[in-house]
Amino acid sequence: MTNTKKLYIKTYGCQMNVYDSERMAEALEVGGYEQTQDMDEADMILLNTCHIREKAAEKVYSDLGRLKPLHDAKPDLKIGVAGCVAQAEGQEIMRRQPMVDLVVGPQTYHRLPEMMKEVNAGRQALDTDFPEEDKFNLLPKRELPARNPSAFLTVQEGCDKFCAFCVVPYTRGAEVSRPAARILKEAQALVDRGVREITLLGQNVNAYHGHKGGLAGLIWDLAEIEDLKRIRFTTSHPNDMDDALIDAHGTCEKLMPYLHLPVQSGSDRILKAMNRKHTADAYRALIARIREARPDLMFSGDFIVGFPGETDEDFEATLQLVRDVHYGQAYSFKYSARPGTPAAEKPDVPAEIAHERLQRLQALLTEQQYQTQSDMVGRTVNVLFEKQGRQEGQLIGKSDYLHAVHAVAPVDMIGTVQPVRITKSMTNSLTGQLISD
Ligand code: 5AD
Ligand code: SF4
């Protein structure tokens with residue numbers, strides 16, 4: 001008989017946290033924990049947190065508050081806080097919520113098995129170092145069960161850009177790239193387990209320098225893995241889109257025609273205050289060059305409204321940039337002052353104004369998203385089927401352009417790329433018909 005304990009992980013924030021959660025689950029497997037989707041049966045609950053905006057950080061404390069009754073009823077329940085709130089707040093978390101057993105930052109989770117020994121001995125464990133050793137090397141290998149055809153793989157972490165609003169350079173630290181050889185090995189192992197699409201992750205992924213050819217060099221090497229059908233990467237900074245990467249978008253068939261390229265604002269004055277180090281026109285010119293290499297490439301972006309000092313005119317410049325680029329999809333946020341960042345010292349734009357701008361920007365972005373989706377109707381796109389849909393006989397997958405697509409198809413097509421003719425556009429997905437020979 002084994003005495004397997006149950007681990008429940010809640011992941012907040014970005015895709016890198018999704019990847020980190022998987023790796024933490026693997027690290028905890030060594031300590032006898034098996035993952036569950038049911039919080040009530042958990043012996044340990046781990047919150048993998050996000051600090052990017054105030055709301056995300058505060059949510060962690062309110063969620064901890066909500067766990068209190070569960071913990072009172074089950075005093076042996078272990079509670080851990082990981083991720084960027086753990087890094088930023090450290091001991092403060094245990095001060096505000098003494099029931100928390102474990103606080104682990106994003107760079108030290110390979111030490112989880114050791115930390116759990118402390119926790120199991122009834123002591124609190126905290127580790128928010130930026131250690132010398134590479135956490136990826138010390139983690140157990142990703143092996144065994146077949147998995148979803150699409151996987152994330154972290155290749156680069158941290159950021160040296162210091163945008164004036166952003167906590168990432170403080171919570172994730174300086175930019176570090178993993179060596180290409182290790183990434184290729186991990187990618188091969190994922191493919192051996194049935195993965196057909198890999199999304200390379202990094203806070204500043206196109207600044208990757210673990211390969212002599214940069215990110216493009218890594219992509220070309222990955223493209224050699226026969227059963228790997230698709231490669232994507234996110235998130236990129238406009239200033240790191242080098243010629244080789246733009247060229248790869250035109251020439252590497254496995255590199256998908258979708259690019260998340262945040263610009264944050266369309267006003268040069270605000271871009272300067274944000275320390276983005278490029279102008280709106282430089283971004284427009286970059287988009288034009290990428291489109292020249294790959295005309296059908298779909299762009300996605302991030303925008304912040306209400307950055308300190310943003311005037312109506314600055315905001316209009318953002319709307320104009322959005323109209324010029326035409327995004328397939330985008331994320332937009334109200335500026336949130338983060339303690340310790342340079343912009344936090346400056347006076348906020350009044351909340352109602354920021355709110356109204358966000359509504360207007362989101363309306364425009366949604367219109368562009370719908371437009372892009374309805375333009376797909378009648379076209380045939382390649383879809384990588386990932387899982388069964390809710391409707392009988394239906395599978396769900398992603399198109400090359402990252403649209404979710406539903407189509408009636410046999411279950412053994414999961415993990416394969418198939419041509420699908422799009423027949424209908426819905427709010428956040430497309431429906432289509434399998435093209436059979
Ligand atoms: N306030 C609002 N949005 C922010 N982002 C980063 N920091 C902040 C902040 N302080 C947004 C940016 C970034 C995305 C991940 O989150 O748009 O690209
Ligand atoms: Fe944050 Fe991205 Fe700017 Fe780095 S480049 S500081 S992660 S917004």
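This is a predicted model: local features need pLDDT of at least 70, side-chain atom pairs count only at pLDDT 80 or more; totals for chains, interfaces and linings use all residues.

**Entry 1: a loop leucine.** I started at Leu402, which is partly exposed, with a relative accessible area of 31%. It sits in the loop between strand E16 (394-399) and strand E17 (404-408). I checked its backbone too: phi of Leu402 is near 70 degrees, a positive value in a residue that isn't glycine.

Entry 2: Buried or exposed, I asked of Lys277? Lys277 is exposed, since its relative accessible area is 60% and the cut-off for exposed is over 50%. I placed Lys277 in the loop between helix H11 (268-273) and helix H12 (280-293).

**Entry 3: a cis peptide.** Which two residues does a cis peptide bond join? I found Thr234 and Thr235, with omega at about 5 degrees. Thr235 belongs to the loop between strand E11 (230-234) and helix H10 (243-251).

**Entry 4: helix H2.** I ran a length check on H2 (residues 54-73). Its 20 residues at 1.5 Å each should span 28 Å, and the end C-alpha atoms are 30 Å apart, so the two agree. I then looked for a kink: H2 bends by about 35 degrees at Leu67, and Pro69 follows within four residues. Leu67 is also on the list of buried residues of H2, together with Ala57, Val60, Tyr61, Asp63, Leu64 and His71. The spacing in that list made me recall that an α-helix has 3.6 residues a turn, so residues three or four places apart point the same way. What covers the buried residues of H2? The cover includes strands E1 (5-11), E3 (44-49) and E4 (78-82), plus helices H3 (83-89) and H4 (91-96).

**Entry 5: ligand 1.** Then I went through polar contacts to its oxygen atoms. A polar side-chain atom of Gln264 comes to 2.6 Å from a ligand 1 oxygen, and one of Asp302 lies 2.6 Å from an oxygen of ligand 1. For Arg53, a side-chain N or O atom is 2.8 Å from an oxygen of the ligand.

**Entry 6: ligand 2.** Around ligand 2 I listed Cys159, Lys161, Phe162, Cys163, Phe165, Cys166, Val168, Pro169, His237 and Arg276. I sorted that shell by type and it came out as 7 nonpolar, 1 polar and 2 charged.

Entry 7: Thr171 is in helix H7 (residues 168-171). I call Thr171 buried because its relative accessible area is 3%. Setting aside sequence neighbours within four places, Thr171 contacts His51, Cys84, Gln87, Ala88, Pro106 and Phe130.

Thr372 is in helix H14 (residues 351-374), and at 9% relative accessible area Thr372 is buried too. What does its side chain reach? A polar atom of the Thr372 side chain lies 2.6 Å from the backbone oxygen of Gln368. Beyond four places in sequence, I found Thr372 in contact with Met298, His326, Tyr327, Gly328 and His403.

Technical notes: Residues are numbered from 1 along each chain as its sequence is written. Chains are lettered from A and ligands numbered from 1 in the order in which they are written. Side-chain values use heavy atoms; hydrogens and water are left out. Helices (H or I, at least four residues) and strands (E, at least two) are DSSP runs, numbered from the N terminus. The expected span of a helix is 1.5 Å times one less than its number of residues. The bend at a residue is the angle between axes fitted to the seven residues ending there and the seven starting there. Buried means under 20% relative accessible area, exposed over 50%, partly exposed in between (1.4 Å probe, protein chains only). Contact means heavy atoms within 4.5 Å. A residue is near a molecule or strand if one of its heavy atoms lies within 4 Å of it. Ala, Val, Leu, Ile, Met, Phe, Trp, Tyr, Cys and Pro count as nonpolar, Asp, Glu, Lys and Arg as charged, and the others, Gly among them, as polar. A polar contact is a pair of N or O atoms within 3.5 Å; within protein, one must be able to donate a hydrogen and the other to accept it, and residues adjacent in sequence count only if both atoms are side-chain atoms.
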